[in-house]
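This report concerns a single protein chain and the packing of its side chains. The sequence and the model are shown first, and the description follows.

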Amino acid sequence: MPKLDIFSPAQVFSSEPPDLSSPAYRFLAEGDSWFSIGALNPLKNSNLLFEMVFQQSGCAVNCASPGDTLKRMAQMNTDPNFIDLLRGRRARPWEALLMSCGGNDLIEAVQSPPIDAAGQPMPPELRLLLTQDEWGPPELGAPRYLSDAGWQTFGNYLRANFDHLIALREQGPSQGRPVFVHGYAFPTPRPAGAGFGFGPWLLPGLQRYAIPDADGVVVARELLTRLGALLAGMAADTGRFPNLHFFESTAIAVDAALPDATGVSGDWVNEIHLTRAGYRKIAVPWAAAIEAQLLQ
């Protein structure tokens with residue numbers, strides 16, 4: 001089965017652009033580091049787009065870039081290249097939009113400190129983690145460490161940004177076309193960055209709130225489970241988010257990393273990004289689900 005041909009906006013905007021007319025599927029892609037991290041070190045890293053295969057030929061113009069490793073969805077929705085290709089003068093009807101979003105927004109929210117720049121306590125609605133004196137009883141498990149008010153804020157933020165994304169789609173020639181968004185896998189908080197000054201991401205946030213190392217894995221699992229439920233709920237709300245499709249990747253078996261590993265471990269190349277084999281485990285069934293939807 002053929003892999004996707006991946007093009008950058010710069011290639012599409014060049015004097016000798018690639019031929020986008022021949023592939024059966026033409027996708028416009030935008031997103032966080034699960035769509036872009038492989039470009040930092042192609043010999044070591046991959047991403048979901050690199051590993052997607054379809055029964056028919058396909059290509060994607062990928063507006064994500066290595067600098068998007070902690071890019072928020074609000075910034076994606078103002079990316080001039082993405083907007084131009086979706087509704088601007090370079091817009092065309094895309095078979096679908098491929099989105100990788102929510103994960104890095106979640107990481108950024110986890111990193112919200114307990115004390116603001118003025119030295120005042122950060123309100124619980126502006127952070128995802130609870131301070132030690134706010135923790136619930138141990139029998140609650142991972143939720144004892146999480147701010148329900150903060151999670152409500154995060155959910156409202158993500159929904160508002162998907163409202164904006166759907167509105168952008170409706171303003172161009174891809175009006176009504178499907179939007180496909182994926183879930184993530186369960187990471188192990190650990191001291192493993194991506195190099196180039198990136199990462200680790202989860203571990204420092206958990207340590208800032210004194211969450212015991214032994215509970216870091218279950219807290220990360222709870223956060224990603226909640227994110228998946230949030231995205232699934234939006235996809236199910238067809239009135240507000242028409243033709244939005246969510247792929248639940250946490251159900252796919254991905255080998256976990258060891259908590260003390262500082263490099264490649266299991267299916268993970270660093271704390272929050274998968275190896276080529278790990279991405280392939282998710283990308284292949286996600287592509288199959290996308291193709292099945294397109295052929296309906």
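A residue is called buried when its relative accessible area is under 20%, exposed when that area is over 50%, and partly exposed in between. The model is a predicted one. Gln 56 has a relative accessibility of 35% and therefore counts as partly exposed. This residue is found in the loop between α3 and β3. Beyond the residues up to four places away in sequence, Gln 56 touches Pro 2, Ala 24, Tyr 25, Glu 291 and Leu 295. Gln 56 and Gly 102 are 46 residues apart along the chain, and their C-alpha atoms are separated by 29 Å.

**The nonpolar core**

The largest nonpolar core has 87 residues, of which Met 52, Leu 98, Leu 158 and Phe 162 touch the most other members. Helix α9, residues 213–236, gives the most to this core, with nine residues. Leu 158 is in contact with Met 73, Gly 102, Leu 227, Leu 230, Leu 231 and Met 234, leaving aside its neighbours within four places in sequence. Leu 158 is itself among the buried residues of α7, while Leu 227, Leu 230, Leu 231 and Met 234 are among those buried in α9.

**Helices α7 and α9**

Helix α7 has 23 residues, which should span 33 Å at 1.5 Å a residue; the end C-alpha atoms are 33 Å apart, so the two values agree. The buried residues of α7 include Trp 151, Phe 154, Phe 162, Leu 165, Ile 166 and Arg 169. Helix α9 has 24 residues and reaches 35 Å from its first C-alpha to its last, close to the 34 Å expected. The buried residues of α9 include Gly 216, Val 219, Leu 223 and Arg 226. What covers the buried residues of α9 includes α6 (103–110), α7, β5, α8 (202–208) and β6 (244–247).

Strand β5 contains Val 179. With 0% relative accessibility, Val 179 counts as buried. Among the residues that Val 179 touches, not counting those up to four places away in sequence, are Leu 165, Ile 166 and Arg 169, together with Leu 97, Met 99 and Leu 244. Val 179 and Leu 98 are 81 residues apart in sequence, yet their C-alpha atoms are 6.1 Å apart in space.

Ser 174 is found in the loop between α7 (148–170) and β5 (179–182). Its relative accessibility is 1%, so Ser 174 counts as buried. Leaving aside neighbours within four places in sequence, Ser 174 is in contact with Leu 86, Arg 92, Pro 93, Trp 94 and Arg 169.

**Aromatic rings and charges**

The structure holds 10 aromatic pairs. Two of these are set out below.

| Pair | Centre to centre | Angle between planes | Class |
|---|---|---|---|
| Phe 27 and Phe 54 | 5.5 Å | 35° | tilted |
| Trp 151 and Phe 154 | 5.2 Å | 35° | tilted |

Phe 27 lies in strand β2 (residues 25–31) and Phe 54 in the loop between α3 (48–51) and β3 (58–62), so this pair ties together parts that are 27 residues apart in sequence. Phe 27 counts as buried at 0% relative accessibility, and Phe 54 counts as buried at 0% as well. Ring pairs also link Tyr 25, Phe 27 and Phe 54 into a cluster.

Trp 151 and Phe 154 both lie in helix α7, three residues apart, about one turn of the helix. An α-helix has 3.6 residues a turn, so residues three or four places apart point the same way. Both Trp 151 and Phe 154 are buried.

Charged groups also lie over rings. Arg 226 lies over the face of Trp 151, at 5.9 Å from the ring centre. The charged end of Arg 90 sits over the ring of Phe 13, 4.0 Å from its centre.

**Cysteines**

How many disulfides does the model contain? The count comes to zero. Cys 59 is in no disulfide, and the nearest cysteine sulfur, that of Cys 63, is 12 Å away. A disulfide requires two cysteine sulfur atoms within 2.5 Å, and the sulfur of Cys 63, at 12 Å from that of Cys 59, is therefore too far for a bond. Cys 59 is buried, with a relative accessible area of 0%. Cys 63 is likewise buried, with a relative accessible area of 7%.

Terms used: Residues are numbered from 1 along each chain as its sequence is written. This is a predicted model: local features need pLDDT of at least 70, side-chain atom pairs count only at pLDDT 80 or more; totals for chains, interfaces and linings use all residues. Side-chain values use heavy atoms; hydrogens and water are left out. Helices (H or I, at least four residues) and strands (E, at least two) are DSSP runs, numbered from the N terminus. Buried means under 20% relative accessible area, exposed over 50%, partly exposed in between (1.4 Å probe, protein chains only). Contact means heavy atoms within 4.5 Å. A nonpolar core is a set of buried Ala, Val, Leu, Ile, Met, Phe, Trp, Tyr and Cys residues joined through side-chain atoms within 4.5 Å. Rings of Phe, Tyr and Trp (its six-membered ring) pair if their centres lie within 6.5 Å; planes under 30 degrees apart count as stacked, over 60 as edge-to-face and the rest as tilted. A charge sits over a ring if NZ of Lys or CZ of Arg is within 6 Å of the ring centre and within 35 degrees of the ring normal. The expected span of a helix is 1.5 Å times one less than its number of residues.
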